[in-house]
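Here are my notes on the side-chain packing, point by point. Please read them with the structure open.

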Amino acid sequence: MESYKLSIVVPVYNEENGIEPFLERTEKVVDELGCDYEIIFSLDPSTDRTYEVIKENMKRNHHIKLITMSRRFRQAAATMAGVLNCSGDICVVIDVDLQDPPEVITELVEKWQEGYDVVYAQRIDRQGETKIRKLIDLTAYRVINFLSDVEIPVDTADFRLINRRVIEEIRKMPETNMFFRGMVSYVGFKQTAVRYHREAREADVSKYNRLWGEFRMGFHGIFCFSSKPLEYVTFLGGFMTGFGVLLSCIYFFEKVILRKAKTLVSGLTALIWFIGGLNVFVSGLLGEYITRIYDDVKGRQRFIIDEFDENKND
């Protein structure tokens with residue numbers, strides 16, 4: 001196959017101890033591939049020496065580049081900043097913590113060379129994680145796929161390869177709330193999976209709030225790619241209305257026709273509380289959509305780059 005350039009995008013935040021172990025393994029992989037490449041660290045401003053460690057390694061390897069955000073925009077924005085500013089024919093998004101083995105990149109590239117536009121890494125198992133976390137991950141994307149109009153492959157994260165064609169289609173999407181894996185699934189084209197064993201984290205613990213971050217991305221996946229929750233609420237509202245009419249008929253029959261003295265006051269009180277709670281829930285659900293419309297209408301930047309060091313001085 002003709003020569004190509006590989007971009008590797010790595011969102012980082014407070015990862016000073018993880019940079020060099022990641023580079024050691026990743027540089028070995030790209031050397032074996034024998035292609036032109038760039039490793040783009042997309043940095044949320046950190047409180048440790050992550051910035052300095054990356055800069056030191058840039059002096060050693062001119063293929064390493066650094067995007068520094070103007071403030072902390074969080075992982076999704078950092079990922080998108082790297083993807084939209086990469087120059088490769090193909091782009092791989094991977095975390096720095098080595099839970100996603102850089103060696104899998106070789107398999108991703110091989111699948112791309114077979115003609116696929118998107119190659120996502122699909123986990124066989126997850127080492128070093130709690131049973132609660134595994135249970136959440138087991139069910140999360142199945143719930144999202146049930147509610148969403150776009151099917152997102154289960155047991156996957158952002159670790160995947162996309163080609164330039166996909167990158168340019170993602171660039172056209174104007175939404176503020178970025179859900180990378182959902183956006184890639186929405187684009188379509190030829191997609192396939194590479195299955196791998198996810199390793200335990202090597203350096204420290206994740207500085208991104210992973211569990212809460214997964215919940216946030218899960219909500220984005222539902223509310224940004226589906227109107228089904230609103231449809232379900234509509235059906236639920238119709239059912240509750242019909243049930244209310246039925247209760248009214250029963251009350252009328254007992255009070256007017258049978259002339260019973262006792263009424264269902266306690267039952268009606270419970271019903272009022274239930275309907276009140278339902279109204280609050282529906283209002284919150286509508287608020288999720290309205291919030292996203294509000295964010296998109298404002299038209300603010302999805303991220304702001306403070307510095308983009310392309311490391312062109314060999």
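1. Start with the charges over rings. Lys190 lies over the face of Tyr116, 5.0 Å from the ring centre. Arg72 lies over the face of Tyr13, at 4.1 Å from the ring centre. Keep in mind that this is a predicted model.

2. Next, the aromatic pairs. The structure holds three of them. One is formed by Tyr4 and Trp112: their ring centres are 5.2 Å apart and their planes meet at 65 degrees, so the pair is edge-to-face. Tyr4 sits in the segment before β1 (5–12), while Trp112 belongs to helix α4, so the pair ties together parts 108 residues apart in sequence. Tyr4 and Trp112 are buried.

3. Phe22 and Phe41 make another aromatic pair, also edge-to-face. Here the centre-to-centre distance is 6.1 Å, with 70 degrees between the planes. Phe22 is in helix α1 (residues 19–33) and Phe41 in strand β2 (residues 36–43), so this pair links parts that are 19 residues apart in sequence. Both Phe22 and Phe41 are buried.

4. Now Asp100. This residue lies in the loop between β4 (90–93) and α4 (104–113). Is Asp100 buried or exposed? Its relative accessible area is 1%, under the 20% cut-off, so Asp100 counts as buried.

5. What does the side chain of Asp100 join through a polar contact? The partner is the side chain of Tyr196, at 2.6 Å. Leaving aside residues up to four places away in sequence, Asp100 touches Ile94, Asp95, Phe159, Tyr196 and Arg198.

Note on methods
Residues numbered from 1 in each chain as written. Predicted model: local features only at pLDDT ≥ 70, side-chain atom pairs only at ≥ 80, totals over all residues. Heavy atoms only, no water. Helix = DSSP H or I, 4+ residues; strand = E, 2+ residues; numbered from the N terminus. Buried < 20%, exposed > 50% of the residue type's maximum accessible area, 1.4 Å probe, protein only. Polar contact = N/O pair within 3.5 Å; in protein donor to acceptor, adjacent residues only side chain to side chain. Contact = heavy atoms within 4.5 Å. Phe/Tyr/Trp six-rings, centres within 6.5 Å; stacked < 30°, edge-to-face > 60°. Lys NZ or Arg CZ within 6 Å of the ring centre and 35° of its normal.
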